[in-house]
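Open the model in your viewer and keep the selection tool ready. The tour below goes from one selection to the next.

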Amino acid sequence: MYFMCPQFAVVAAGELALAMATAPRSLDTISLCSTVSSCPDRNGFYGGFQRTDKPKEPLSKAQIIAREKKWLNMIENWSIYMSKNYKKIRDRCRKGIPKSVRPKAWFYLSGAYLLKNRNPNVYKELLEKPGNPATIEEIKKDKHRQFPFHEMFLDEQKIGQIELFNVLKAYSIYNPKVGFCQAQAPIAAFLLMHLPAEDAFWVFVSVCDVYLQDYFIPGLEVLQNDAGILEGLLKKTCPPVYRHLQKHKVEPLLYMTEWFLCGMTRTLPWDTLLRVWDCFLAEGIRVIFKVALVIIGASLSRHKVRKTCTGLCETLAVMRSPPEQILEEEFIINNMMRLNLRVEDFQIEHTRQKARRAKQKAQQDGNDSGPSNGRRNMPTL
């Protein structure tokens with residue numbers, strides 16, 4: 001029996017970390033020859049680590065209908081629920097959004113419906129623009145890597161790759177400050193599996209510009225900051241795992257980059273991923289922090305496991321390939337909810353990281369400016 005403990009990360013930004021995070025998952029590119037089926041599973045996968053032949057335990061027809069009615073009522077009265085009864089929305093997201101309602105629920109949860117209403121015809125106009133040639137070429141090279149064993153993305157002629165190119169191109173024009181980052185592609189592809197292209201585009205805009213704000217700009221500064229927050233939360237919730245990572249100098253960006261940049265889309269089994277995104281779109285980036293803490297904690301909480309991890313490589317191997325049972329839907333969701341973390345804990349760690357980075361910048365500025373009258377010029381914090 002695993003029990004949950006936290007984990008965390010902080011490392012200097014570098015292209016190597018980003019390349020490691022956005023490279024195709026080894027299970028997709030190496031070991032799938034023997035696992036590709038002639039028939040897709042219930043989610044459309046012919047192969048890959050996210051394919052499952054295990055049937056999902058069904059709710060009764062009465063339960064399904066009751067949940068659908070509740071969600072449809074909430075969506076019809078969305079502004080009232082958001083302003084006066086958000087807790088009800090959050091709690092129902094944590095229980096899991098009914099499959100039939102999920103596309104519309106995500107469209108509303110993310111605020112994409114507001115963006116679309118405020119920007120009529122914008123998506124169509126963006127598609128008609130040529131875009132930056134270099135960016136367009138990058139997107140073309142990358143689109144075939146996303147969920148290559150899903151029925152929507154099997155080849156260039158499939159609607160999935162065509163719409164994925166359109167969404168990524170449109171966003172690169174819509175937000176030229178960000179343009180295109182490889183880590184965005186699996187998120188866009190994931191959304192296209194659930195929503196029409198234009199709706200998926202506006203949810204994608206909300207995810208990139210609000211939920212994962214500034215994650216995709218060069219330098220990975222925000223990701224580094226969040227790595228520090230994750231580390232602080234790990235120290236609070238699971239000191240033994242925190243000490244183990246510190247002892248073996250397991251820097252955060254080596255294991256958490258893909259999780260955060262890709263919104264767990266390349267990490268979790270499909271049913272787990274859907275439940276996590278139900279929560280993520282309702283509660284924001286804190287959900288990704290909590291899932292990361294559960295994965296690392298459950299992987300390394302046992303002393304016996306940590307004892308076998310005698311260095312950085314062994315520790316990373318455990319975190320990158322956790323036991324299947326700890327990635328299962330109910331384990332992740334239940335343990336995520338049981339984490340003893342308040343909103344204030346995230347705020348405290350954010351403040352600490354902000355102060356730490358300001359201090360580092362001040363020291364760096366002082367070192368760069370050189371001594372003056374026997375003292376270094378240190379900016380006031």
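Colour domain 1 (96-213) and domain 2 (221-363) separately; this is a predicted model, and both domains give residues to the lining of the largest pocket, so the pocket lies between them. Its volume is about 1,600 Å³.

Next, select Arg42, Lys56, Asp271, Thr272 and Glu329. Among the 45 residues that line the largest pocket, these five lie nearest its centre.

Now show the helices around the pocket. At least two lining residues come from each of H3 (61-76), H6 (102-109), H16 (270-283) and H20 (329-338). Which helix gives the largest share of the lining? Select H16: 5 residues of the lining come from this helix.

Colour the lining by residue class. The pocket shows 19 charged, 16 nonpolar and 10 polar residues.

The axes of the two helices come within 12 Å and cross at roughly 145°, and the crossing is left-handed. To see the contact, show the side chains of Arg67, Lys70, Trp71 and Met74 on H3, then Lys88, Ile89, Arg92, Cys93 and Lys95 on H5. By class, this contact of H3 with H5 holds 5 charged and 4 nonpolar residues, with no polar ones.

Conventions
Residues numbered from 1 in each chain as written. Predicted model: local features only at pLDDT ≥ 70, side-chain atom pairs only at ≥ 80, totals over all residues. Heavy atoms only, no water. 1 Å grid on protein atoms, 1.4 Å probe; cavity = no way out; pocket = protein on both sides within 12 Å on 5 of 7 lines; lining within 4 Å. Points joined across faces, edges and corners; volume = space filled by probe spheres on them. Helix = DSSP H or I, 4+ residues; strand = E, 2+ residues; numbered from the N terminus. Nonpolar A, V, L, I, M, F, W, Y, C, P; charged D, E, K, R; others polar. Domains from an automatic or database assignment. Axes fitted to C-alpha atoms, helices over the stretch in contact; angles between N-to-C directions. Left-handed = near helix turned anticlockwise from the far one by under 90°. Contact = heavy atoms within 4.5 Å.
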